[in-house]
Amino acid sequence: MPSVEARRAAVLGSPIAHSLSPVLHRAAYAELGLEHWSYDRFEVDEAALPGFVDGLDASWAGLSLTMPLKRAVIPLLDEISATAASVEAVNTVVFTEDGGRVGDNTDIPGMIAALRERGVDKVESAAVLGAGATASSALAALAAVCAGPVTAYVRSPERAAEMRGWGERLGVDVVTADWADGAEALGAPLVIATTPAGATDAFTGSVPDPPGILFDVLYEPWPTELAAAWSARGGAVVGGLDLLVHQALLQVEQMTGRTPAPLSAVRHAGEAALAAR
């Protein structure tokens with residue numbers, strides 16, 4: 001049986017080799033003086049998840065989850081937060097002293113915190129590029145940030161219906177538009193790009209002058225072509241690393257019960273790791 005002080009946490013997903021979470025969490029542990037804490041990563045798919053979770057001992061404090069596990073984990077939990085329930089996605093599991101499993105979603109407050117760090121507390125309207133799992137979290141964040149309509153640019157009628165459904169559920173006025181008209185999104189006061197690498201490259205020639213705020217959730221490769229064009233026009237850019245750092249610090253706080261580590265130190269560790277790749 002490990003000592004009481006020795007605590008473990010990890011990030012699970014598939015694929016997982018690229019994850020920056022170990023770098024960010026370990027940097028936070030170092031700043032907080034948590035010498036007996038460790039944080040690892042494990043390649044775990046949906047089929048292997050139940051067995052992995054059931055096999056954890058009392059030294060485990062929590063788990064971070066990435067795709068494809070954010071929904072698959074829900075049936076394995078004793079409780080999930082209202083935030084996680086709102087988007088049916090859990091990226092954080094905390095193990096309680098009595099062995100309970102509590103799920104939460106720090107992506108949504110992480111997005112809000114990343115925007116507020118750049119002075120974005122409220123916008124009158126916004127646009128979302130894409131309609132995947134991250135897009136639903138973006139809508140949940142916009143419920144707290146956007147006072148007016150959100151236009152979602154999507155590739156199919158099915159995706160459009162999904163985004164309107166999420167809007168109704170989250171209390172966001174969602175209007176859908178065709179992906180072919182995605183360049184029109186760039187005129188919004190706040191644009192959130194939730195798409196894979198390269199998907200928005202064709203829109204770079206349509207960045208307005210001056211642009212509003214771009215939140216591009218990618219962190220590698222960085223900057224994206226859209227983010228680079230946005231910055232060149234003098235627009236404010238929030239990146240995927242900003243989101244990762246904020247959501248990771250929220251996870252650290254939940255798992256350790258300690259005040260979050262300095263944001264700058266954890267961000268610097270992430271930047272150094274990306275630069276070394």
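Predicted model: local features only at pLDDT ≥ 70, side-chain atom pairs only at ≥ 80, totals over all residues.
Q: Which strands stand at the edges of the open sheet of 6 strands?
A: The sheet is open, its pairing is mixed, and its strands follow the order β2-β1-β3-β5-β6-β4. An edge strand has a single partner strand, so one side of it is left without a neighbour in the sheet, and this applies to β2 (37-43) and β4.

Q: Which residue is the bridge partner of G62 in β5?
A: Strand β3 (residues 60-65) and strand β5 (residues 92-95) pair in the antiparallel sense, with 3 bridges between them. Within β5, the residue that partners G62 is V94.

Q: How many residues apart in sequence are the parts that the salt bridge of R8 with D40 ties together?
A: The closest N and O atoms of R8 and D40 are 3.6 Å apart, which means that the pair falls within the 4 Å limit for a salt bridge. R8 is partly exposed at 29% relative accessible area, and D40 is also partly exposed, at 24%. Because R8 lies in strand β1 (residues 7-13) and D40 in strand β2, the pair ties together parts whose separation in sequence is 32 residues.

Q: In which helix is R26, which meets D40 in a salt bridge?
A: The side chains of R26 and D40 form a salt bridge at 3.6 Å, N to O. The pair links distant parts of the chain, 14 residues apart, with D40 in strand β2 and R26 in helix α1 (residues 21-32).

Q: How many salt bridges does a search of the whole structure find?
A: Some salt bridges share partners, and in this way E117, R118, D242 and R267 are joined into one network. Others have been described above, among them the pair of R8 and D40. The search of the whole structure gives a total of 12.

Q: What is the distance in space between I112 and A141, C-alpha to C-alpha?
A: I112 has its place in helix α4 (residues 107-117), and a relative accessible area of 13% means that this residue is buried. I112 and A141 are 29 residues apart in sequence, whereas their C-alpha atoms are separated in space by 5.8 Å.

Q: Which residue in β11 stands opposite A193?
A: Strand β10 (residues 190-193) and β11 run parallel as a pair, with 4 bridges. One of the residue pairs joins V191 to its bridge partner L214, and the residue opposite A193 is D216.

Q: Which residue in β12 stands opposite L214?
A: Strand β11 (residues 213-216) is covered on both faces, with I213 and F215 buried on one side and L214 and D216 buried on the other. Strand β12 (residues 236-239) runs parallel to β11, and 4 bridges join the two. In β12, L214 stands opposite V237.

Q: What is the distance in space between A180 and Y153, C-alpha to C-alpha?
A: A180 lies in the loop between β9 (174-178) and β10, and this residue counts as exposed because its relative accessibility is 64%. In sequence A180 and Y153 are 27 residues apart, and in space their C-alpha atoms are separated by 8.2 Å.

Key
Residues numbered from 1 in each chain as written. Heavy atoms only, no water. Buried < 20%, exposed > 50% of the residue type's maximum accessible area, 1.4 Å probe, protein only. Pairing = 2+ DSSP bridges.
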